[in-house]
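Have the structure open while you read.

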Amino acid sequence: GTSTATVSVTNTVTETDVYTYTLKARTLQNSLWAGGLDLVLQGSLLNQTAGARDVTIRVYLGSTTYSILKWAAVASAGGSYAFLLRGHFRGSTGFPGKQACYFEGLLGAADTVKDTEITTGTTPRFHACYSGTVGPDLATDVVLRITAQLSAAEANLTFQRENVTLTRIGY
C-alpha cells in the first residue's frame with residue numbers, strides 16, 4: 001500500500017507512530033525464496049532549535065522490534081534535512097516464525113542525501129535482523145508499525161513523514 005498523508009511529530013519526546021499497516025496472514029512466507037515486502041518511507045527533519053538534537057526511528061512487526069535507527073546530535077539548521085528509510089522483509093527458511101530483514105536510513109541536507117557512513121549528525125545507518133530475530137506468527141494478521149522519537153520537546157523540532165510505499169515482491 002501507499003500512503004501520502006503527512007504525519008508530523010513535534011514538541012514531544014514520546015515515541016509516536018508515523019506509519020501502521022496490517023499485514024494479512026501469510027503475507028510473509030516461511031521461505032527466503034517465497035518473496036517479501038519492500039518498504040520506502042520518505043520525510044524530513046526540521047531542527048531550528050538552539051542546538052543539536054537526536055531522532056530515533058523504530059520498526060516493529062507485531063510487538064517485535066525489528067530495527068532501531070538513531071541519528072545523534074543532528075545540527076540545528078536553517079532548513080530541513082531530507083529523510084529516507086528503506087527496508088526489506090522476507091520469511092526465513094527453516095525458521096518458522098522468524099523473518100529476515102534489512103533497514104537503511106539516510107538523513108541529509110535538503111539538497112544532498114549523504115551516502116557515506118560517519119559517526120554523528122546526519123549519519124546513514126543500517127540494521128540487519130536476519131533469522132536471529134524471532135518474529136510473530138506468520139499465519140495470523142500482524143501490524144507493521146514505524147515510530148519516530150525526538151530527544152527534546154521543542155516547537156522548532158519536527159520529524160515529518162511524507163510518503164510511504166510498501167510493495168509485496170517475488171510472488
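Let's start with one side chain: Arg 145 has a relative accessible area of 25%, so it is partly exposed. Bear in mind that this is a predicted model.

What does Arg 145 pair with? Its side chain meets that of Asp 17 in a salt bridge, with 2.6 Å from N to O. Arg 145 belongs to strand β10 and Asp 17 to strand β3, so this pair ties together parts that sit 128 residues apart in sequence. Asp 17 is partly exposed as well, at a relative accessible area of 35%.

How buried is β5? Eight of the nine residues in this strand (residues 53-61) are buried, so the rest of the structure largely encloses β5. On one flank, β5 runs antiparallel to β6 (residues 64-74), and eight bridges join the two. Arg 53, for instance, has Val 74 as its bridge partner in β6. The β5 and β6 hairpin has two residues between the strands, and Gly 62 there takes a positive phi near 65°. Seven bridges join β5 to β10 (residues 142-150), again an antiparallel arrangement. Here Val 59 has Ile 146 as its bridge partner in β10.

Back to the charged side chains. As a general point, side chains of opposite charge can pair when their charged atoms come close. How many salt bridges turn up in a search of the whole structure?

| Salt bridge | N to O distance |
|---|---|
| Arg 58 and Glu 15 | 3.8 Å |
| Arg 145 and Asp 17 | 2.6 Å |
| Glu 154 and Arg 53 | 2.5 Å |

Take Arg 58 and Glu 15, whose closest N and O atoms are 3.8 Å apart. Arg 58 sits in strand β5 while Glu 15 is in the loop between β2 (7-10) and β3 (16-23), so the pair ties together parts 43 residues apart in sequence. Arg 58 has a relative accessible area of 17%, and that makes it buried, since buried means under 20%. Glu 15, at 27% relative accessibility, counts as partly exposed.

Then there's Glu 154, whose side chain meets that of Arg 53 in a salt bridge at 2.5 Å, N to O. This one links distant parts of the chain: Glu 154 is in the loop between β10 and β11 (157-169), Arg 53 is in strand β5, and the two are 101 residues apart.

Key:
Residues numbered from 1 in each chain as written. Predicted model: local features only at pLDDT ≥ 70, side-chain atom pairs only at ≥ 80, totals over all residues. Heavy atoms only, no water. Buried < 20%, exposed > 50% of the residue type's maximum accessible area, 1.4 Å probe, protein only. Helix = DSSP H or I, 4+ residues; strand = E, 2+ residues; numbered from the N terminus. Pairing = 2+ DSSP bridges. Salt bridge = Lys/Arg side-chain N within 4 Å of Asp/Glu carboxyl O.
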